[in-house]
Amino acid sequence: MTVPSVERRTAVITGVSGQDGSYLAELLLDKGYIVHGLSRNAASCSSPNLASLMAVGAGRLFLHSCDVMDHTSVCSLLRRVRPQEVYNLAAQSHVAMSYKQPELTAAVSGLGVVNLLEAIQEAGLGDTTRFFEASSCEIFGRASRAPVDENSAKHPQTPYGKAKLLGYLAVKHYREACGMYACSGILFNHESPRRGKSFVTRKITMAVVNIKLGKEERLSLGNLDAQRDWGHAREYVYCMWLMLQQQIPADYVIGSGVNTSVRQFVEMAFERVGMSIWWEGSSNGVGNHGIINRGSHMGKTVVTVCIDFFRPIEGEMVADTSKACTELGWQRTTSLRQLVNEMVDHDMALASTAV
Ligand code: GDP
């Protein structure tokens, strides 16, 4: 069957109200797609991430209350809308939370993928619908210091990583054994002003703005020396779309290729609001704290370390994105400094307009 031109395509996005879902919906609407966005609760579709989209997508964006675990609902929706592309961005996506909710994480982030793939088959769309799974670098398990690529060993160490590995393997199975066009984007951390507040980047940018405005005293963090390969979410969702436009489906690692510590992220965020800090106390643990070293807040402790935010297992990984660059022509363009600045500026604008 011929694939319709982009401006006549229909896509389903699960997890549409999240950071990635909203950027992807924007991208697809901009290309002329009809977008069906799934969210567990339609009420959450009034999330700020989707507010601007509703106007842009009038008549072409449809929101549905539908859980990826609900086989009957997913199947009947797929039968009805017959999408050319399905993007699975629904997940329990907090690593820290996955220790507290391992079953829920396995169900949504692992079995949810199987459910969607099976529903596509059952709806009679297995030969025509292309499927994207938002996989995660957590499937590698931070085993190696060398940059990881698609062929690196996968030994997940967190409940989230294990659930994601199940989803990744399911995609591989439906591609190789059932002939589906299905692929996984193995995503490294990706951030933006739309990032959830419990992730460390957004926690930092919001707190820095509040400290600058005198609304908050201190930012309490866990491991300051944990490193992450951070990129901009908008660029990563573009890569998701590229992955579904190829002749042959394949998995791709999507990352920035650069590791940065939480400590450096904190420093950059404070610099953006004109405050610089130095560190005192034990260099890598509780007792370490950040102090303002100039201006009106001089000498004030603004960052402390709290054991509650440490992870049982921590490691570093950096992405080798050669395959995505060569085969998809994808390049990340936003530097981490630009990303930090965008997030801080956004939170400053939000805080300044808040009553
Ligand atoms: P993750 O990589 O998906 O777990 O993304 P997060 O943004 O939640 O965490 C990124 C890194 O920041 C991890 O290595 C955490 O251990 C570290 N980190 C340090 N302090 C905090 C904190 O207060 N909250 C969170 N979420 N992470 C923290």
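**Entry 1: Cysteines**

I started with Cys66. Its sulfur is 10 Å from the closest cysteine sulfur, in Cys75, and that is too far for a bond. I noted that the model is a predicted one. The cut-off I needed is 2.5 Å between two cysteine sulfur atoms.

Next I looked up Cys325. Cys325 is in no disulfide either. The nearest cysteine sulfur belongs to Cys239 and lies 8.4 Å away. Then I looked for the total. The structure holds zero disulfides.

Cys66 has 8% relative accessibility, so I wrote it down as buried. Buried means under 20%. Cys325 has a relative accessible area of 24%, so I wrote it down as partly exposed.

**Entry 2: The ligand**

Which residues are closest to the ligand? I found 15 residues around the ligand, and the closest are Lys203, Gly222, Arg228, Arg311 and Glu314. I sorted the shell by type. It divides into seven nonpolar, four polar and four charged residues.

For Lys203, an N or O atom of the side chain is 2.7 Å from a ligand oxygen. For Arg228, I read 2.7 Å between a side-chain N or O atom and an oxygen of the ligand. Val200 takes part through its backbone: a polar backbone atom there is 2.8 Å from a ligand oxygen.

How much of the ligand does the protein bury? Taken alone, the ligand exposes 530 Å². The protein buries 94% of that.

**Entry 3: Strand β4**

I moved on to strand β4, residues 85-88. First I recalled a general point. Side chains in a regular strand alternate between the two faces of the sheet. In β4, Glu85 and Tyr87 are on one side. Val86 and Asn88 are on the other. All four are buried, and both faces of β4 are covered.

Which strands pair with β4? I traced β1, residues 10-14, which runs parallel to β4 and is joined to it by four bridges. I also traced β5, residues 130-136, which pairs with β4 in the parallel sense over four bridges.

Ala11 stands opposite Glu85. Arg130 in β5 also stands opposite Glu85.

Conventions
Residues numbered from 1 in each chain as written. Predicted model: local features only at pLDDT ≥ 70, side-chain atom pairs only at ≥ 80, totals over all residues. Heavy atoms only, no water. Buried < 20%, exposed > 50% of the residue type's maximum accessible area, 1.4 Å probe, protein only. Near = heavy atom within 4 Å. Polar contact = N/O pair within 3.5 Å; in protein donor to acceptor, adjacent residues only side chain to side chain. Areas by Shrake-Rupley, 256 points an atom, 1.4 Å probe, with all protein chains shown as cover. Nonpolar A, V, L, I, M, F, W, Y, C, P; charged D, E, K, R; others polar. Helix = DSSP H or I, 4+ residues; strand = E, 2+ residues; numbered from the N terminus. Pairing = 2+ DSSP bridges.
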